[in-house]
Amino acid sequence: MSKKPNLIYVFADQLRWNSLGCHGDALAQTPGIDAFSERSLELCNAVSGHPVCAPYRASLFTGKYTTSTGMVINEIRMNTNHRCFAHVLNDGGYETAYIGKWHMYAAELGNHYDPKNSYIPKGPDRLGFDGLFAGYNFHHNYYGAAAYYHLNSPEKHYVSGYEPDAQTDMAIECLKDLKEGEKPFALFLSLGTPHDPWVPENVPGEYLDRFRDTEFTLPENYLPDNDPHADDWAKLSPRERKELTEWMRVYYAMTANLDSNISRLLEEIRRMGLDENSIIIFTSDHGELFGAHGRRAKNIFYEEAVRVPFFMRYKAAGLTGGSSDICLNTVDIMPTLLTMMGLPVPSEVEGQDYSKALLGQGGAEPEGALMMGTGATAAWEDGHEWRAFRTKEYTYAVYKSDGQELLFDNIHDPMQMKNLINAPGYAHIAEELREKMLAEMKKISDTFESSSYYEKNWVEDRLIIRTATLAERGAKCPR
């Protein structure tokens, strides 16, 4: 272990924890991921601290909570005044590469295919990724004119065939090149599936055929009425409710294709000998509800949205099996991995390093995970903000708009169907979790504002100019 390890970080988009065969889903066809889970350390309580695409990515690459990154909704542009994951990698002698969706560079809502929104220019906006950058800001149509990426110019490079297949091919070729270099490397592969739109035309027919005769049913905790706290992305129309099980059919087909790509990527890693001294991660940015609790999509504290698969294989350090039940949060990923790689953690990082605990060296474990929602998915709209604190056993949550509190026993009520906030004997648990949540919020100067506050005070023309922590220094995003 004298040589610094490589890092291969692969993350899916909207893949929930409970849609894998290894987690008991009898309908899932995920033999490759299931096999990888057996050869890896599984972090079975890993959560997405803000279960929305752009906020997750901002936290992943800064080790900071959403109120410190300012990425309070999708479709705004990241402030570059952070010392990010790739900056540390570069200074530590690493080669870096990024392939796939970026989702932190936009100056308007929609218009995703205009290069002014889809091309992330070389320089500060790539947050330190100075090597191969085959990315795009946002899209989820995986065929044809929509399936393209940029390199170092606004020119669109269209993929041949299905985009996740092409991205996996690109990652394999990138690894071959990186392997020949003299530097250790870090590759991040952001795959778009199984994110909607869940239409038959958006997945290869051979995978859809596998589920042609599968009977999908609504979740046990399905509710026929929309959650009053839901934004427009989370609400379901009567027509959409009728389509839920067909959406699931495409979702599971996309996941089966994702599994095939992960399988062949892992086989190539093994064949190249890169598994000997590489930290290999497979995870997801957040999950999906499919009508659970009267919602679709993500952006909520329920398990279907926040609980994500997280498998870590690091053969040189003995992480080749087993599980850990620590509540790993998104902000903890950067400091934990940097420490495992022998690199310094920036002082501004808000997450914690849990590498010792994961390596069996008796390190501290988190009491729980602070989770947050700071507005609608991609619109400036009040009424959807929440904070939550999740431990190994419980989830406590509160909405800003009406002060409603919720408490769930995730062990005995995994579908979170019984709110215990006023149940006899649970007041002390709610109070304990509430206090822990408030203490964590205080550490990061999170004052639990409405979305309109962030729009008015933190963002100009969809560019993040300040945050709860950058505001003190008057930091502004370069124009």
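Me: What makes C84 count as buried in this model?

Reply: In this predicted model, C84 has a relative accessible area of 0%, and because buried means under 20%, C84 is buried.

Me: Why is C22 called partly exposed?

Reply: The relative accessible area of C22 is 31%, and since the partly exposed class lies between the limits of under 20% for buried and over 50% for exposed, C22 is partly exposed.

Me: Why are helix 6 and helix 8 called roughly parallel?

Reply: Helix 6, residues 163-180, packs against helix 8, residues 238-271, at an angle of about 10 degrees, and their axes are 10 Å apart. Because angles under 35 degrees count as roughly parallel, the two helices are therefore described as roughly parallel to each other.

Me: Which residues of helix 6 and helix 8 meet?

Reply: From helix 6 the contact takes in P164, D165, T168, D169, A171, I172, L175 and K176, which meet N257, N261, R264, L265, E268, I269 and R271 of helix 8. Sorted by class, this contact of helix 6 with helix 8 holds six nonpolar, six charged and three polar residues.

Me: What makes strand 11 count as mostly covered?

Reply: Strand 11 spans residues 369-373, and five of its five residues are buried, where buried stands for a relative accessible area under 20%. A369, M371 and G373 point one way from strand 11, while L370 and M372 point the other way, and all are buried.

Me: How do you know that strand 11 and strand 12 pair?

Reply: A pair of strands needs at least two bridges, and strand 11 is joined to strand 12, residues 386-390, by five bridges in the antiparallel sense. Within this pairing, M371 stands opposite A388 of strand 12, and the bridge partner of A369 in strand 12 is R390.

Me: Why are strand 11 and strand 14 called edge strands?

Reply: The sheet is open and has four strands in the order 11-12-13-14, with antiparallel pairing. Strand 11 and strand 14, the latter at 405-409, each pair on one side only, and they are the edge strands. From one strand to the next, the twist averages 15 degrees.

Conventions:
Residues are numbered from 1 along each chain as its sequence is written. This is a predicted model: local features need pLDDT of at least 70, side-chain atom pairs count only at pLDDT 80 or more; totals for chains, interfaces and linings use all residues. Side-chain values use heavy atoms; hydrogens and water are left out. Axes are lines fitted to C-alpha atoms, for helices over the stretch in contact, and angles run from 0 to 180 degrees between N-to-C directions. Angles under 35 degrees count as roughly parallel, over 145 as roughly antiparallel, 65 to 115 as roughly perpendicular and the rest as oblique. Contact means heavy atoms within 4.5 Å. Ala, Val, Leu, Ile, Met, Phe, Trp, Tyr, Cys and Pro count as nonpolar, Asp, Glu, Lys and Arg as charged, and the others, Gly among them, as polar. Buried means under 20% relative accessible area, exposed over 50%, partly exposed in between (1.4 Å probe, protein chains only).
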